[in-house]
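Here is a briefing on charged side chains in one protein model. Read it with the structure open.

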Amino acid sequence: MSTTDDATLHAQQLIRFIRDEIPLARAMDLQLADCSDGRLSLRAPLAPNVNDKGCAFGGSLVSLMTLSGWALVELALRRRSLDCDVFVAESSVRYLVPLWQDFRSEARLAAEADWATFFSTLEARGKARIGVDCVVPDQHGAPACTLSARFVAKRRG
């Protein structure tokens with residue numbers, strides 16, 4: 001099995017877990033859009049995530065971005081069989097344009113972040129932080145909203 005297939009299998013299992021354990025994710029109809037080394041994308045249809053104006057609800061957008069960032073970190077840990085709790089420690093969101101269609105969030109490590117430092121810190125201290133950037137593109141591929149976040153992983157037990 002290739003690395004991409006392995007990542008996708010783990011990601012599909014993780015999305016089932018998220019939908020089972022987080023009622024909001026199920027209500028949003030969160031789905032896996034794509035997964036590759038260093039990147040994870042989730043999607044949601046507009047209908048259950050619409051606001052009173054008929055466009056995507058800001059709470060749904062930030063939730064999808066937060067969940068995609070969390071899932072990126074959680075997936076990296078699961079693929080290494082590391083049992084950790086993952087929390088969002090801080091985040092900053094920008095809403096740039098309204099979305100009138102189904103949407104997706106793309107999560108990847110922030111420019112200054114790297115997995116090697118994250119995992120060595122986790123090994124040494126039992127907890128580590130990592131920066132993640134998420135974007136929801138509009139229908140033309142330009143950012144409709146963005147989220148910069150820092151996630152913390154803490155070993156269980």
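Is Asp83 buried, partly exposed or exposed? Asp83 is partly exposed, because its relative accessible area is 44%. On this scale, buried means under 20% relative accessible area, exposed means over 50%, and partly exposed lies in between (1.4 Å probe, protein chains only). The model is predicted: local features need pLDDT of at least 70, side-chain atom pairs count only at pLDDT 80 or more, and totals for chains, interfaces and linings use all residues. Residues are numbered from 1 along each chain as its sequence is written, and side-chain values use heavy atoms, with hydrogens and water left out.

**Salt bridges across the chain**

- The whole structure holds nine salt bridges. The term means a side-chain nitrogen of Lys or Arg within 4 Å of a carboxyl oxygen of Asp or Glu.
- Asp83 pairs with Arg156 in one of them, with the closest N and O atoms 2.2 Å apart. This pair links distant parts of the chain, 73 residues apart: Asp83 sits in the loop between H3 and strand S3 (84-95), and Arg156 in the segment after S6. Helices (H or I, at least four residues) and strands (E, at least two) are DSSP runs, numbered from the N terminus.
- Arg156 also bridges to Asp85, at 2.9 Å between the closest N and O atoms. Asp85 is in strand S3, 71 residues from Arg156, so this pair too links distant parts of the chain.
- Shared partners join Asp83, Asp85 and Arg156 into one network.
- Arg156 counts as partly exposed because its relative accessible area is 42%. Asp85 is partly exposed as well, at 31%.

- Arg78 and Glu74 meet through their side chains in a salt bridge of 2.9 Å, N to O.
- Both residues belong to helix H3 (residues 58-79). They are four residues apart, about one turn of the helix.
- Glu74 is buried, with 7% relative accessible area. Arg78 is partly exposed, at 27%.

**A buried charge without a salt bridge**

- Asp138 is in the loop between strand S5 (127-137) and S6.
- Asp138 is buried but has no salt bridge. The nearest side chain of opposite charge is Arg104, 8.5 Å away. Lys and Arg count as positive, Asp and Glu as negative; His and the chain ends are not counted.
- A polar atom of the Asp138 side chain lies 2.8 Å from the backbone nitrogen of His140.

**A positive surface patch**

- Arg125, Lys127, Arg129 and Lys154 form a positive surface patch. Patches take residues with over 30% relative accessible area and no salt bridge; like charges are joined within 9 Å, and nonpolar side chains (Val, Leu, Ile, Met, Phe, Trp, Tyr) within 5 Å.
- Lys154 lies in strand S6 (residues 143-155). Lys154 is partly exposed, because its relative accessibility is 46%.

- Arg16 is in helix H1 (residues 3-21). Its relative accessible area is 49%, so Arg16 counts as partly exposed.
- Asp102 is in the loop between S3 and strand S4 (103-109). Asp102 counts as exposed, at 51% relative accessibility. Asp102 and Gly38 are 64 residues apart in sequence and 24 Å apart in space, C-alpha to C-alpha.

Definitions and conventions
Accessible areas come from the Shrake-Rupley method with a 1.4 Å probe; for residues, only the protein chains shown count as cover. The place of a charge is taken as NZ of Lys, CZ of Arg, CG of Asp or CD of Glu. A polar contact is a pair of N or O atoms within 3.5 Å; within protein, one must be able to donate a hydrogen and the other to accept it, and residues adjacent in sequence count only if both atoms are side-chain atoms.
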